[in-house]
Amino acid sequence: MATFVYDGDCAFCSTCARFIERRIPTSAAVVAWQRTDLDALELTVDEAETAVQWVSDERRAAGPDAIAELLIDAGSFWRPAGHVLRSAPVRKLAWPVYRWVARNRDKLPGGTATCALPQAERDRLAG
């Protein structure tokens with residue numbers, strides 16, 4: 001079974017994950033990295049903090065590549081969008097856009113100041 005891993009402490013990321021759960025019929029488990037066994041998925045905290053992750057028996061991917069895998073897995077009209085996102089010209093544009101969104105997620109709709117903090121700082125503030 002595939003797993004799509006996101007940042008559960010980020011309001012923007014959690015909003016996106018809820019959208020996926022409601023609207024995109026993927027067979028993958030959509031889980032916050034803080035609430036799953038990263039070792040079992042063979043992911044590090046740094047990988048999980050840096051980008052969303054797709055982990056399956058066949059493939060591992062991060063960032064927009066992980067989103068492409070999720071869309072392909074969902075089938076229907078989502079599959080072509082995933083293949084387009086995975087194509088070389090679009091990937092070349094997708095990564096800078098993804099990094100910009102990741103750096104600015106605290107300023108995007110649904111984001112909070114906490115979204116901008118690394119996990120170690122979030123843990124320190126939570127006590």
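**Close-ups of salt bridges and cysteines**

**View 1. Asp9 and its partner Arg35.** Asp9 has a relative accessibility of 27%, so it counts as partly exposed. Keep in mind that this is a predicted model. Asp9 pairs up with Arg35 in a salt bridge, and their closest N and O atoms sit 3.8 Å apart. The two come from distant parts of the chain, 26 residues apart: Asp9 is in the loop between strand 1 (3–6) and helix 1 (11–23), while Arg35 is in the loop between strand 2 (29–32) and helix 2 (38–41). Arg35 counts as exposed, at 59% relative accessibility.

**View 2. Glu69 meets Arg59.** Here the closest N and O atoms of the salt bridge are 2.5 Å apart. Glu69 belongs to helix 4 (residues 63–74), and Arg59 lies 10 residues away in the loop between strand 3 (53–55) and strand 4 (60–62). Shared partners join Arg59, Glu69 and Arg86 into one salt-bridge network.

**View 3. Lys107 beside Asp106.** These two form another of the structure's 6 salt bridges, with closest N and O atoms 3.6 Å apart. Lys107 is exposed, with a relative accessible area of 59%.

View 4. Searching the whole structure turns up 0 disulfides. For Cys13, the nearest cysteine sulfur is that of Cys10, 3.3 Å away. Cys13 is buried, at 14% relative accessible area. What about Cys16? Its closest cysteine sulfur, in Cys13, is 6.5 Å away, so the two are too far apart for a bond. Cys16 is partly exposed, at 33% relative accessibility.

Terms used: Residues are numbered from 1 along each chain as its sequence is written. This is a predicted model: local features need pLDDT of at least 70, side-chain atom pairs count only at pLDDT 80 or more; totals for chains, interfaces and linings use all residues. Side-chain values use heavy atoms; hydrogens and water are left out. A disulfide is a pair of cysteine sulfur atoms within 2.5 Å. Buried means under 20% relative accessible area, exposed over 50%, partly exposed in between (1.4 Å probe, protein chains only). A salt bridge is a side-chain nitrogen of Lys or Arg within 4 Å of a carboxyl oxygen of Asp or Glu. Helices (H or I, at least four residues) and strands (E, at least two) are DSSP runs, numbered from the N terminus.
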